[in-house]
Amino acid sequence: MSTQNYARPEALVSTDWVAEHLNDPDVRIVESNEDPLLYSSGHIPGAVQIDWVSDLNDAVRRDYLSKEQFEELMSRNGISNDTFVVFYGDKNNWWATYAFWVFQLFGHTKAAVMNGGRKKWELEGRELTREVPSYPRTEYKAQARTDYKVRAFRDQVLAHVNSHGALIDVRSPGEFRGELLHMPDYPQEGSLRGGHIPGAKNIPWSKAANDDGTFKSLEELRALYEQENGFSPDQDIITYCRIGERSSHTWFVLTYLLGYNNVRNYDGSWTEWGNLVGVPIEK
Amino acid sequence: MTDLSQYPEELHEILEIINESSTSERHELLLDYSDRFQGVPEHIATRPYPESHRVVECESDVYVFTEKADNGGINFYIAVENPQGVSSRALSAILSESFNGASLETIERIPETLVFELFGRNVSMGKGAGMMGIIRLLKHFARQTYQGDK
């Protein structure tokens, strides 16, 4: 199965590629995980850690970091405006694609995801180290955060629903049907109502991933999203899940692997929609 | 600062250290525990471990087993099958080193919120719930073992 024929292959690098660029000064490898100890337990040599909670989210509001905070994050990790950033992480790259997505809010397009993430690197028996690298500080200059291209807010989602726009709910079938308010094995996360946003199709994120954490082939992805579920590259599509992390995986697949131009991730997702007063819900 | 009086004596030392540690020191300490993690001896259980002993809330594929200890307390053993379950291994090692052989009453007093005291408030809700599930199942099997011996 080739991975070279994806629509935007520059957004995906292999474990081999990363192994060959460990000492490349123009490349910064970034690990983003759910498990807070995983990076400290051993990471790809030279990789820095960016934490989805403490680094990417605002500490008070439910929102992402500001332009100034992003500049500080990049500068202290030795990332310049020209640095090619490669993300990888646990959970089949959920948090890696989430971090990649947040970087796109600030227009850092010199970025890619390592296909297979941490799981594949480990399966291949490649080197891990506990040595935390240190890089000279940079003076990163970010552009103003631009949410509208890749991020959807609740009012936009409601307008999208009213105009019968395309929606993909990437949660588990039980969550989609409203039988569960959270993914299996995960806790209740404070949603008062179960179900899905009207008109959404349920395509669990995991259908786009192989057992080794890599993305499925272009042909398999086309079959899944286009032949089986009727989506097409010209559509304006909104993806969502519970808090926007699993749906960033699908957002990445649609945007970079299949080449769809108008895909937005609704990070408010079900923890917002399932609590909103008066919005429509389907079961 | 955590009020340690709510915790069993066995945890005081580690929580005192953690309360005074920076994030990196805390991670180092927890990794030490993770490295010391010991699985389940074969005389207790062998793979594939029974589904009835799996911590359903935890994605690290964790199983909990208990037995009556020679001192009348309860011994327990925890398997963490996911190689990326570093935090679950650390928690399991802390529980084992602090409470193996403890009485049911002591085990019952292990608070589920211990997870956040050890790992910090930034642990995700999913990860936190998984590890709290380990403590819950440990208490469940401890009660079963105790009642079975009555």
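User: Two strands pair if DSSP finds at least two bridges between them. So what order do the strands take in the open sheet of four in chain A?

Analyst: The order is S7-S6-S8-S9, with parallel pairing. Strands (E, at least two residues) and helices (H or I, at least four) are DSSP runs, numbered from the N terminus. One caution: this is a predicted model, where local features need pLDDT of at least 70 and side-chain atom pairs need 80 or more, while totals for chains, interfaces and linings use all residues. Residues count from 1 along each chain as its sequence is written, chains are lettered from A and ligands numbered from 1 in written order, and side-chain values use heavy atoms, without hydrogens or water.

User: Which strands are at the edges there?

Analyst: Strand S7 (200–202) and strand S9 (262–265) of chain A. Each pairs on one side only. The twist averages 25° from one strand to the next. Angles run from 0 to 180 degrees between N-to-C directions, using lines fitted to C-alpha atoms, for helices over the stretch in contact.

User: How many bridges link S6 and S8 of chain A?

Analyst: Four, in the parallel sense, between S6 (residues 166–169) and S8 (residues 236–240) of chain A. A:Ile168 has A:Thr239 in S8(A) as its bridge partner.

User: Which helix packs on that sheet?

Analyst: Helix H6 (residues 154–162) of chain A. Helix H6 of chain A touches S6, S8 and S9 of chain A, where contact means heavy atoms within 4.5 Å. The direction of this helix makes about 115° with that of S6(A).

User: What about the open sheet of five strands?

Analyst: Its order is S1-S5-S4-S2-S3 in chain A, again with parallel pairing.

User: Why is one side of S1 and S3 left without a neighbour?

Analyst: Strands S1 (12–13) and S3 (48–49) of chain A stand at the edges with a single partner strand each, so one side of each has no neighbour in the sheet. Elsewhere in this sheet, S2 (residues 27–31) and S4 (residues 84–88) of chain A pair over five bridges. A:Glu31 stands opposite A:Tyr88 in S4(A). Helix H4 (residues 94–105) of chain A packs on the sheet and touches S4 and S5 (111–114) of chain A.

User: Switching topic. How many residues does each chain give to the contact?

Analyst: Chain B gives 22 residues and chain A gives 21. About 1800 Å² is buried between them, with carbon and sulfur atoms giving 57%. Buried area is the accessible area (1.4 Å probe) that two parts lose on being put together, summed over both.

User: How many salt bridges are there between chain B and chain A?

Analyst: Three. A salt bridge is a side-chain nitrogen of Lys or Arg within 4 Å of a carboxyl oxygen of Asp or Glu. B:Asp35 and A:Arg130 meet in one at 3.0 Å, N to O. On the chain B side, the elements giving two or more residues are helices H2 (23–36), H3 (86–99) and H6 (125–149) of chain B.

User: Last one. Where is the cis peptide bond?

Analyst: It joins B:Arg47 and B:Pro48, with omega about -5°. B:Pro48 lies in the loop between H2 and strand S1 (62–68) of chain B. B:Asp61 is found in the loop between H2 and S1 of chain B. B:Asp61 has a positive phi of about 60°, although it is not a glycine.
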